[in-house]
Amino acid sequence: PFEFPIGFRKWFWAYPIPYFIVLKGVEVGNFNLGLFGMELIFAFSMLFYLLPETPYYVWIHKDEPKLFLVKKIGIGLLYTLVLAFPAVFVLGFFFPTHVFSLALFFALGIGYLITVILAKYTSFPKSISLPQAIVIGLSLYYPVIIVGVIPFLFIYASKNLKSILK
């Protein structure tokens with residue numbers, strides 16, 4: 001799981017910003033500001049998956065493509081949830097009437113992270129191309145379609161990784 005160690009080392013200086021925004025949102029009583037800070041944590045995590053690794057780092061796994069993708073998604077979610085948990089806890093504690101909105105945006109952040117991870121491997125070993133960027137952009141604009149985009153990208157990424165993970 002090289003994405004998070006490398007990404008976190010590059011962006012460690014920026015991580016206090018979302019937490020500061022969350023705390024400022026709590027201080028001024030603005031839930032939406034705190035929600036923006038939480039989503040910024042997910043956005044930073046998505047940035048880690050934009051650059052592809054060399055095919056050797058995928059080939060050494062020797063897993064089936066579906067298992068490889070599930071592991072990648074699991075690792076990405078674990079690290080992102082560790083980073084996002086303090087913001088979610090603080091927002092849930094100070095804004096208990098907005099728990100449904102918080103859960104909805106938390107789920108959207110998870111869905112977008114999964115979408116970016118899968119989009120990375122649909123065009124692997126190249127970086128994310130225009131069709132994948134359009135799909136990600138559409139899912140950002142119309143969050144409802146993410147339910148269909150994730151299985152589509154999963155199938156497409158599995159087929160693309162089959163030649164590397166034989």
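Lys 24 is partly exposed, because its relative accessibility is 31% (buried is under 20%, exposed over 50%, partly exposed in between; 1.4 Å probe, protein chains only). Glu 27 counts as exposed, because its relative accessible area is 59%. The two side chains form a salt bridge, 3.2 Å from N to O (a Lys or Arg side-chain nitrogen within 4 Å of an Asp or Glu carboxyl oxygen). The whole structure holds 1 salt bridge. Lys 24 and Glu 27 sit about one helical turn apart, because 3 residues separate them in helix α2 (residues 16-28). Helices are DSSP runs of H or I, at least four residues, numbered from the N terminus.

This is a predicted model: local features need pLDDT of at least 70, side-chain atom pairs need 80 or more, and totals for chains, interfaces and linings use all residues. Numbering starts from 1 along each chain as its sequence is written, and side-chain values use heavy atoms, without hydrogens and water.

## Largest pocket

A pocket is an open set of points on a 1 Å grid over the protein atoms alone, where a 1.4 Å probe fits, with protein on both sides within 12 Å along at least five of seven lines; lining residues have an atom within 4 Å of a point.

Helix α1 (residues 3-11) gives the largest share of the lining, 5 residues. The lining includes Phe 2, Trp 11, Phe 48 and Pro 52. By class, 8 lining residues are nonpolar, 1 polar and 2 charged.

How values were computed
Helix = DSSP H or I, 4+ residues; strand = E, 2+ residues; numbered from the N terminus. Nonpolar A, V, L, I, M, F, W, Y, C, P; charged D, E, K, R; others polar.
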